[in-house]
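Subject: Structure for you to look at

Hi,

Here is the structure I promised to pass on. Please open it and keep it beside this email as you read.

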Amino acid sequence: MPEPKPWDETTGSGAISGAGTGGPMDLAVDEGTTLEKAPGGPDGAGPTGKPRSLWSDAWRDLRRNPVFIISGLVILFLVIIAIWPSLIADQDPLNCDLAKAQEGSQPGHPFGFDGQGCDVYTRTVYGARTSVTVGVLSTLGVSLLGGVLGGLAGFFGGAWDAVLSRITDVFFGIPVVLGGLVFLSVVTSSTVWPVIGFIVLLGWPQIARIARGSVITAKQNDYVQAARALGASNSRMMLRHIMPNAIAPVIVVATIALGTYISLEATLSYLGVGLKPPAVSWGIDISAASQYVRNAPHMLLWPAGALAVTVLAFIMLGDAVRDALDPKLR
């Protein structure tokens, strides 16, 4: 029986052929080439292979959420007419004609006239400016004050945390409407600033408590402990590592609260302690129309409907943002 030669051409060529047409070396090269040329990374990674962040995932979900799209379009429309109400209303909301008081819809006046003969359509459009201004500025003030105080209390703890917790408990015990009646009854200004100041004064404890709990949770993560061990300063840990991961709950609560603040302004104006004439507000118009609701229901229908749609839009937007930023739903 012939012994195989160590340099047999057939065996050698077969070994070379096997390694060159699918052997282990070529298989590894092919797999590496495939991974490099793949247009997308593994699950949880973007097109460049980098892992997606919470914010990018949230934005992707929001773009596919019809609730977010509808509420966002409504809010965008409200913001536009709040900045430029003359785009869709070419009359003066304070230009009234008593001869047309309580009259219904007419050409050029689709919503009719109120008890003073003012055009209801024009006043409804200009009332959006007041509501959006109060809602946005109050939310910014509440978020800034409550977020800073709550974040510092959660980060440092100790006596600062204990004092802030007791102060928030006191503010939570104050009824909002009753506090508004007492606080705003001594104010004679007809601008939005007293109302905004009152909302910020009573609204910050809620945001502070949310921010405190979120910071306490975030600072216990491993990356924060690693940054502390590497000698990072308190300001760097707070701004670079804790706040970006603790701000999501604050954004959700603030977005939902914005609609509540708009409703609160209308309530206080309805009670006569919020905005006062000659300011144009949905709350003022609802209060004036309440005594004519049987004879001229259109005076109440349009400003009340605009208020309801606005508050609903902001609440729906907040719900959509909450669902997108909640990691438990992923």
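Predicted model: local features only at pLDDT ≥ 70, side-chain atom pairs only at ≥ 80, totals over all residues.

Start with helix α12, residues 282-289. The helix is mostly covered, with six of its eight residues buried. Those six are Trp-282, Gly-283, Ile-284, Asp-285, Ile-286 and Ala-289. What covers them? The cover includes α5 (120-156), α11 (248-270) and α13 (298-325).

Now look at Ser-281. This residue sits in the loop between α11 and α12. Is Ser-281 buried or exposed? Its relative accessible area is 0%, and buried means under 20%, so Ser-281 is buried. At the start of α12, a side-chain oxygen of Ser-281 comes to within 3.2 Å of the backbone nitrogen of Gly-283. The side chain of Ser-281 also makes a polar contact of 2.9 Å with the side chain of Glu-265. Leaving out residues up to four places away in sequence, Ser-281 touches Thr-130, Glu-265, Ser-269 and Leu-275.

Next, the helix pair. Helix α4 (residues 66-83) packs against α13 at an angle of about 135°, and the axes are 8 Å apart. The two helices are therefore oblique to each other. Their crossing is left-handed. On the α4 side, the contact residues are Val-67, Phe-68, Ser-71, Val-74, Ile-75 and Leu-78. On the α13 side, they are Val-309, Thr-310, Ala-313, Phe-314, Met-316, Leu-317 and Ala-320. By class, this contact has eleven nonpolar residues, two polar ones and no charged ones.

Best wishes

Notes: Residues numbered from 1 in each chain as written. Heavy atoms only, no water. Buried < 20%, exposed > 50% of the residue type's maximum accessible area, 1.4 Å probe, protein only. Helix = DSSP H or I, 4+ residues; strand = E, 2+ residues; numbered from the N terminus. Contact = heavy atoms within 4.5 Å. Polar contact = N/O pair within 3.5 Å; in protein donor to acceptor, adjacent residues only side chain to side chain. Axes fitted to C-alpha atoms, helices over the stretch in contact; angles between N-to-C directions. Parallel < 35°, antiparallel > 145°, perpendicular 65-115°, else oblique. Left-handed = near helix turned anticlockwise from the far one by under 90°. Nonpolar A, V, L, I, M, F, W, Y, C, P; charged D, E, K, R; others polar.
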